[in-house]
Amino acid sequence: MSTVHPTRPTRTRRLIALPVAALLCSAVACSAADGAPGPAVPTPSARQAGLCRALHKELPDTVGGLKRRATDPASDFTAAWGDDPWITLRCGVPRPQIFNDVATQSVEIDGVKWAPEKLPDGSIRCTTPLRPAYVEVTLPGKTVGDSGDMSALIDLAAAVRKAIPADDSDDVPDGTGGSAAPDATGSPDATGS
């Protein structure tokens, strides 16, 4: 009767395998720990995409005292500031469901109106109404605290005012108005014209 013995890797194979395994483990650890936030990338119309690209160029390096960071995937329609949890911006998002509720209120922060929506995790999602492209900013619960502090939006106001003009003269500090008029529901022109 013959006995089968499992084969052992030679010493050379073991010596090579250990550094390769260590290298793979460190690469996985680095990518997991250093991964940039990845807000979902919206798909705006051609007209909205142009406005969002202009906004992306105007965005500040800091928002609410938090430094801007890369997003993954990189996009002219998204931005993020801070560490997990981070402040995220998405431009060219679809019309939010909260705009279907006539009771939805907006607040003006440094000349820009925002419609805030409290999310189950304590964060607040704020979307600009009456602009030809909707801008959505999510402020994490850590940033807004129990009081619902949305002052970080002050840092975004100048960029939004400059790149995406209001469609409603009431949404512009000097009353000069914006470009295209919204339809009866207050939504921006979705035709891309």
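Let's start with S123, which sits in the loop between β6 and β7 (strands are DSSP E runs of at least two residues and helices are H or I runs of at least four, numbered from the N terminus). This is a predicted model, where local features need pLDDT of at least 70 and side-chain atom pairs count only at pLDDT 80 or more, while totals for chains, interfaces and linings use all residues. Residues are numbered from 1 along each chain as its sequence is written, and side-chain values use heavy atoms, with hydrogens and water left out.

Is S123 buried or exposed? S123 counts as buried because its relative accessibility is 5% (buried is under 20% relative accessible area, exposed over 50%, partly exposed in between, with a 1.4 Å probe and protein chains only). Leaving aside residues up to four places away in sequence, S123 touches E117, K118, T138, L139, P140 and G141; contact here means heavy atoms within 4.5 Å.

## The nonpolar cores

The largest nonpolar core has 31 residues (a core is a set of buried Ala, Val, Leu, Ile, Met, Phe, Trp, Tyr and Cys residues joined through side-chain atoms within 4.5 Å). L55, L89, W114, V137, L139 and L153 have the most contacts inside this core. At least two residues each come from α2, β3 (78–81), β4 (87–91), β6 (112–118), β7 (124–127), β8 (135–139) and α4, and α4 gives the most, with 5 residues.

As for L153, its contacts are I109, W114, C126, V137 and L139, again not counting residues up to four places away in sequence. A second, separate core of 5 residues includes V93, I98, A115 and Y134.

## How α2 meets α4

The axes of α2 (residues 46–58) and α4 (residues 154–163) come within 9 Å and cross at roughly 145°; axes are lines fitted to C-alpha atoms over the stretch in contact, with angles from 0 to 180 degrees between N-to-C directions. On the α2 side, L51, A54, L55 and E58 meet A159, V160, K162 and A163 of α4. These contact residues divide into 6 nonpolar, no polar and 2 charged (Ala, Val, Leu, Ile, Met, Phe, Trp, Tyr, Cys and Pro count as nonpolar, Asp, Glu, Lys and Arg as charged, and the others, Gly among them, as polar).

## Where to be careful

The chain averages a pLDDT of 78, and 67% of the residues score at least 70; pLDDT is the predictor's confidence in each residue, from 0 to 100. Over residues 2–34 pLDDT stays under 50, with 3 contacts beyond four places in sequence. Residues 171–193 also stay under 50, and there the model has 44 such contacts. Where pLDDT is low, the predicted coordinates should not be read in detail.
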